[in-house]
Each structure stands twice: as structure tokens, then as C-alpha cells.
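Here is a friendly tour of one protein model, arranged by topic. Please keep the structure in view while you read.

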Amino acid sequence: MEDIWVGKYLVKADRYYTKDHEWALVKGNRAWVGITDYAQRELGDIVYVDLPSVGEEFEIGDTLANVESVKSVSPVYAPLSGSVVEVNEALNDEPALVNESPYEDGWMVVLELKDPSEVEDLLSPEEYAGILAEIVMEEKGERVSLNLPEEETGIIEESLETLPEEEIRYEEKER
């Protein structure tokens with residue numbers, strides 16, 4: 001599956017998302033957690049990331065970290081329940097990695113998942129992209145193009161083409 005662009009905002013196809021703009025990359029019983037491209041752009045230049053300690057336990061929705069930017073301090077919420085098994089120490093010296101590479105170098109923590117089935121409650125990339133498109137249109141007043149992977153839009157077009165003409169009912173069609 002291909003990544004999705006919502007206007008200028010990237011939504012990675014290999015992750016799960018929250019409505020609060022966190023992402024989780026799940027591999028086995030672990031999840032790498034960070035904030036989305038949209039979140040880092042909204043925050044502006046990030047100057048400090050207050051990370052938890054290894055061993056700390058979190059439930060879904062708990063404040064996992066705090067991100068300080070030139071604009072404000074914002075919480076990062078735990079998208080899944082679990083205990084911290086690793087933190088991204090590079091953010092201590094280079095918090096701007098969250099701006100430069102929110103999905104790769106800017107990850108914040110790795111959680112050992114308490115209940116892997118919680119992943120089912122997170123948003124898929126397509127669901128998050130749809131929500132993000134609404135947010136951008138409502139809050140920013142910007143029109144955005146939702147660039148979904150081609151194979152999905154192609155399926156819709158192909159299915160219309162394969163319908164026999166007599167099954168396509170247009171109001172203009174003679175009766």
C-alpha cells in the first residue's frame with residue numbers, strides 16, 4: 001500500500017493513527033510511537049521533548065510525552081497500553097528531528113504492548129486521512145486533495161465500466 005498525501009501532509013500507510021495525531025508502527029508485540037506530519041507542522045519548531053523513562057507503564061490516552069515548540073507545550077498521548085522499553089535518546093540533543101522526520105528519526109518511544117488487540121481501535125491510514133482532510137478544510141479553510149492509493153480508485157472506475165449499459169440508469173436516458 002502506498003502512502004497517502006492530504007494536501008501537503010503525509011500519512012504513512014504502514015502505521016495506525018489516533019484522532020489526536022499520534023501514530024503507532026506495530027511490529028509484533030511492540031509499537032513505535034510518534035506524532036504525525038500534521039501535528040509537527042501545527043506545533044512549529046520543536047525545541048524540547050520530555051520523554052518518559054524506560055519501564056514506565058501507560059494506558060491508552062495517558063500523557064506519554066510532552067513536546068515543547070516555539071508556540072506551546074503539547075501532550076503526546078499513548079495510542080496503546082504498554083510499558084516503555086525504549087526512548088529515542090537522539091531527541092534530547094536534536095528535538096528538531098520530530099519536525100524533520102516525524103515518521104522515521106523523530107519517533108519518541110517503543111512500547112511493549114499490554115494488549116495487542118487494542119490496535120483494532122486505532123484509525124487506519126485511510127480513516128485518519130479522511131479525518132485530516134476534514135480538519136484542514138474546516139480549520140484552515142484550505143481545499144485539499146485526498147491522494148488515496150491508485151489501486152483503490154481504479155477499482156471503483158473499473159466496476160462502473162463493467163456494468164452492462166442497461167443496468168446504468170440515468171435520468172436523461174430515454175424510457
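Tyr48 is partly exposed, at a relative accessible area of 42%; here buried means under 20% relative accessible area, exposed means over 50%, and partly exposed lies in between (1.4 Å probe, protein chains only). Tyr48 sits in strand E6 (residues 46-50), where strands (E, at least two residues) and helices (H or I, at least four) are DSSP runs numbered from the N terminus. This is a predicted model, in which local features need pLDDT of at least 70 and side-chain atom pairs count only at pLDDT 80 or more, while totals for chains, interfaces and linings use all residues. Residues are numbered from 1 along each chain as its sequence is written, and side-chain values use heavy atoms, with hydrogens and water left out.

**A patch on the surface**

- Val47, Tyr48 and Val70 make a nonpolar surface patch of about 290 Å².
- Patch members have over 30% relative accessible area and no salt bridge; like charges are joined within 9 Å, and nonpolar side chains (Val, Leu, Ile, Met, Phe, Trp, Tyr) within 5 Å.
- Accessible areas come from the Shrake-Rupley method with a 1.4 Å probe, and for residues only the protein chains shown count as cover.

**The six-stranded sheet**

- Six strands form an open sheet in the order E3-E4-E5-E11-E10-E7, with antiparallel pairing.
- Its edge strands are E3 (16-17) and E7 (57-58), each of which pairs on one side only.
- Two strands count as paired if DSSP finds at least two bridges between them.
- Strand E5 (residues 30-35) and strand E11 (residues 109-113) run antiparallel and are joined by four bridges; here Val33 stands opposite Val109 in E11.
- E11 also pairs with E10 in the antiparallel sense, over five bridges, and Val87 has Val109 in E11 as its bridge partner.
- E7 and strand E10 (residues 82-87) are antiparallel too, with two bridges; Glu57 has Ser83 in E10 as its bridge partner.
- As background, side chains in a regular strand alternate between the two faces of the sheet.

- How far apart are the end C-alpha atoms of helix H4? They are 21 Å apart, which agrees with the 22 Å that its 16 residues (125-140) should span at 1.5 Å a residue.
- The expected span is 1.5 Å times one less than the number of residues in the helix.
- Pro125, Tyr128, Ala129, Leu132, Ala133, Ile135 and Val136 are the buried residues of H4.
- After H4 comes Gly141, with a positive phi near 65°.
- Tyr128 and Val11 are 117 residues apart along the chain, and their C-alpha atoms are separated by 7.9 Å.
- Val11 belongs to strand E2 (residues 9-11) and counts as buried, at 0% relative accessibility.

**Salt bridges**

- A salt bridge is a side-chain nitrogen of Lys or Arg within 4 Å of a carboxyl oxygen of Asp or Glu, and by this rule the count comes to seven.
- Asp37 forms a salt bridge with Arg41, their closest N and O atoms being 3.1 Å apart.
- Both Asp37 and Arg41 lie in helix H1 (residues 37-43), four residues apart, about one turn of the helix.
- Asp37 counts as buried at 6% relative accessibility, whereas Arg41 is partly exposed at 37%.
- The side chains of Lys114 and Glu59 also meet in a salt bridge, 2.3 Å from N to O.
- This pair links distant parts of the chain, 55 residues apart: Lys114 is in the loop between E11 and H4, and Glu59 is in the loop between E7 and strand E8 (63-69).
- Lys114 counts as exposed at 53% relative accessibility, while Glu59 is partly exposed at 36%.
- Salt bridges with shared partners join Asp3, Lys12, Asp14, Arg15 and Glu104 into one network.
- Lys12 and Asp3 meet at 3.3 Å, N to O; Lys12 is buried at 17% relative accessibility, and Asp3 is partly exposed at 29%.

- Most residues other than glycine have a negative phi.
- His21 is not a glycine, yet its phi is positive, about 75°.
- His21 is located in the loop between E3 and strand E4 (22-27), and it counts as buried at 13% relative accessibility.
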